[in-house]
Amino acid sequence: MKRILGAVVCTAVVCGIGVSALAQVDTGGWGDVRGKITFSSDRGEFFQLYAMDLDGSNVTQLTHADGPVLQGKWSPDLTKVVYQAKVRGNWEVFVADADGRNARRLTDNESWDYHPSWSPDGKQITFQSDRSGKSDIWVMNADGSDPRQITHGQGKCFHPVWSPKGDRIAFHCNCAGQFEICTVSVDGDDPECLTNNPAYDGWPAWSPGGEQVAFQSFRDGNGEIYVMNADGSDQRKVTRSPGNENHPNWSPDGRQLVYDSDRNGDYDIYVMDLASHAEARLTDSPSCDWYPFWVGGR
Ligand SMILES: [Ca+2]
Ligand SMILES: [Ca+2]
Ligand SMILES: [Ca+2]
């Protein structure tokens, strides 16, 4: 990663020559991933992005960097992908074309910048950064310009996700010693928390229409996936396993959730039909497979 992305950054952004050739070295251009589920796995030397069909078949490695790459999220119009990569010891946010070509670095500082998520119009990206001295929620334009701080002192805030309606950002936050799911308007006003209990609540994910939020909670002793209405009402558990379920994301039609679980000893990707609660295991590897994302979903 350091060597390859360093070359991309220097050549494409600073030096301004050879963009297409080195962008191709960066990612190889992985082709069309529409309709697939992507995830991050350390089945190689570092975490990289992978894609598979909806039944778990045809696993292909997307990124081939010499450092970790995590959390690929395709834009709502499926023209771009944003992801985080570790460069010279700290996380930075990158954006590329949907097929992986033309990777561009959006953040460049010694702080950690990560957990990027698109605005519904694809014009802005929210992300988490500790550049202010602690972990806060930030927003920037999709070209990396005009970064602005959204949360200020509510606690350590993580994993922002932009609502499909465009008006609010959900995240999890250590507020007064409790991890809760909170939301804030995109200009930083009107913060509110949707959960309130001593257990860890985290990793919010808006349903495609924005009416519901899936999240992880430890309120029953181990990590389970829950779904609630967007106002925090009707919080209900949808997984029931002795392992830890994490990182829910929605199918494009809102009928299924994809998440990871260590119920079989290491993290693998699972999918659940919300009407029947039927689950299917999609990956079965001794490595850590997590952060699934349904391309075309949220
Ligand atoms: Ca950084
Ligand atoms: Ca809590
Ligand atoms: Ca569980």
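User: Which residues does Asp234 touch, not counting residues up to four places away in sequence?

Analyst: Happy to walk through that. Asp234 touches Met228 and Asn229, leaving aside residues up to four places away in sequence. Bear in mind that this is a predicted model.

User: Where is Asp234 placed?

Analyst: Asp234 is in the loop between β18 (224-229) and β19 (236-237).

User: How do I read a nonpolar core, and which residues have the most contacts inside the largest one?

Analyst: In soluble globular proteins, nonpolar side chains tend to be buried together. Here the largest nonpolar core has 70 residues, and Tyr83, Phe94, Ile169 and Val213 have the most contacts inside it.

User: What does Tyr83 touch?

Analyst: With residues up to four places away in sequence left out, Tyr83 touches Leu49, Val69, Leu70, Gln71, Gly72 and Phe94.

User: Now the sheets: what is the order of the open sheet of 4 strands?

Analyst: Read it strand by strand, as β8-β9-β10-β11, with antiparallel pairing. At the edges are β8 (113-118) and β11 (148-149), each of which pairs on one side only.

User: How many bridges join β9 and β10?

Analyst: Strand β9 (residues 124-129) pairs with strand β10 (residues 136-141) over 6 bridges, in the antiparallel sense.

Notes
Residues are numbered from 1 along each chain as its sequence is written. Chains are lettered from A and ligands numbered from 1 in the order in which they are written. This is a predicted model: local features need pLDDT of at least 70, side-chain atom pairs count only at pLDDT 80 or more; totals for chains, interfaces and linings use all residues. Two strands pair if DSSP finds at least two bridges between them. Helices (H or I, at least four residues) and strands (E, at least two) are DSSP runs, numbered from the N terminus. A nonpolar core is a set of buried Ala, Val, Leu, Ile, Met, Phe, Trp, Tyr and Cys residues joined through C-beta atoms within 7 Å. A residue is buried if 20 or more other C-beta atoms lie within 10 Å of its own, exposed if 12 or fewer, and partly exposed in between; C-beta atoms are placed from the backbone. Two residues are in contact if their C-beta atoms, placed from the backbone, lie within 7 Å.
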